[in-house]
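Here is a briefing on one protein chain. Look over the sequence and the fold before reading on.

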Amino acid sequence: MDGEKIKKKCCKKFKEKGEFCRKCPVSAHKNQANRIAPKSIEREKGHVKIESNNILLFGFMSVGKGKLARELAGRTDYFAIDTDDLIESFENMTIKNIFNDEGEAHFRNLEQKVADWLEHCVENTIISTGGGFIGVENLNDIGCVVYLQSDFDTISEKIMGHPKAKKKIKKRPLFQSTDKTRKLFESRLPLYEAKADITMNVAGKSTNDIADELLRRLEI
Ligand code: S3P
């Protein structure tokens, strides 16, 4: 699609509301869009009012954070990024090799580095995270934290029953033994619950349905 067509397509919807689309190729419009998007979230018990900010998807391995981020990006004017992808490109290594060659502690430091960058440099973006991103110090300063909640058996069955199960397990260094992974899941549950602004039960639901519900709850 050429620039002019994108401009017409993405600006029309926003023009009607007197706003600007950040995906618009006209840089003046993009700047305007960023300006009308202050970094502010009002947190009240049970209700999160988001003026305009990052939406951070977190939860245990394989709950569908990346897939949901891409679905939401396709339906909104937000871009989607993934913390594991950022780490892999920064290190020019796969997560598996980072764990094997540099160790988990190094990977966790990289997660913190990404978290600092997200907090200070990124706005109005949908961010999917690795399951251990819960450990970063500034999680709640990055954006609205959406916890994708599922039970361990559903997660385990989903990954084991996947046509590419072998590949999915191979690339996740912390999903090698079911018993150990279950323990990790149990130890993280209270942390996920404590940091969530919004909790979405995703067990057995389609990405489409989860996206519908989340967009409704976020009022975007
Ligand atoms: C991890 C989850 C993985 C990846 C890394 C560590 C974790 O991401 O970041 O293997 O500690 O739970 P996914 O949650 O996308 O599998």
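The expected span of a helix is 1.5 Å times one less than its number of residues. Helix H6 (residues 104-121) has 18 residues, and 25 Å separate its first C-alpha from its last. That is close to the 26 Å expected at 1.5 Å a residue. The model is predicted.

- Five strands form an open sheet in the order E4-E5-E3-E6-E7, with parallel pairing.
- E4 and strand E7 (198-201) are the edge strands, and each pairs on one side only.
- From one strand to the next, the twist averages 25°.
- Strand E3 (residues 55-58) pairs with strand E6 (residues 144-149) in the parallel sense, over four bridges.
- Ile55 has Cys144 in E6 as its bridge partner.
- Helix H3 (residues 65-75) packs on the sheet and touches E3, E4, E5 and E6. The direction of H3 makes about 165° with that of E5.
- Helix H11 (residues 207-218) also packs on the sheet, where it touches E3, E6 and E7. The direction of H11 makes about 155° with that of E7.

**Helix H6**

- Which residues of H6 are buried? They are Phe107, Leu110, Glu111, Gln112, Val114, Ala115 and Leu118.
- These buried residues pack against strand E4 (79-82), H4, helix H5 (95-102), strand E5 (125-128) and helix H7 (139-142).
- Glu111 forms a salt bridge with Arg108, with the closest N and O atoms 2.8 Å apart.
- The two residues are three apart in helix H6, so about one helical turn separates Glu111 and Arg108.
- An α-helix has 3.6 residues a turn, so residues three or four places apart point the same way.
- Is Glu111 buried or exposed? Glu111 is buried, because its relative accessible area is 1%, under the 20% cut-off.
- Arg108 counts as partly exposed, at 22% relative accessibility.

**Glu88 in helix H4**

- Glu88 lies in helix H4 (residues 83-91).
- Glu88 is partly exposed, with a relative accessible area of 27%.
- Beyond its neighbours within four places in sequence, Glu88 is in contact with Met93, Thr94 and Ile95.
- A polar atom of the Glu88 side chain lies 2.8 Å from the backbone nitrogen of Ile95.
- The C-alpha atoms of Glu88 and Phe107 are separated by 10.0 Å, and the two residues are 19 residues apart along the chain.

**Other salt bridges**

- The count of salt bridges comes to seven.
- Side chains of opposite charge can pair when their charged atoms come close.
- Arg182 forms a salt bridge with Asp153, and the closest N and O atoms are 3.0 Å apart.
- Arg182 lies in helix H10 (residues 178-195) and Asp153 in helix H8 (residues 152-160), so the pair ties together parts that are 29 residues apart in sequence.
- Arg182 is partly exposed, with a relative accessible area of 31%. Asp153 is partly exposed, with a relative accessible area of 39%.
- Lys205 and Glu213 meet through their side chains in a salt bridge of 3.5 Å, N to O. Lys205 counts as partly exposed, at 38% relative accessibility.

Key:
Residues are numbered from 1 along each chain as its sequence is written. This is a predicted model: local features need pLDDT of at least 70, side-chain atom pairs count only at pLDDT 80 or more; totals for chains, interfaces and linings use all residues. Side-chain values use heavy atoms; hydrogens and water are left out. Buried means under 20% relative accessible area, exposed over 50%, partly exposed in between (1.4 Å probe, protein chains only). Contact means heavy atoms within 4.5 Å. A polar contact is a pair of N or O atoms within 3.5 Å; within protein, one must be able to donate a hydrogen and the other to accept it, and residues adjacent in sequence count only if both atoms are side-chain atoms. Two strands pair if DSSP finds at least two bridges between them. Axes are lines fitted to C-alpha atoms, for helices over the stretch in contact, and angles run from 0 to 180 degrees between N-to-C directions. A salt bridge is a side-chain nitrogen of Lys or Arg within 4 Å of a carboxyl oxygen of Asp or Glu.
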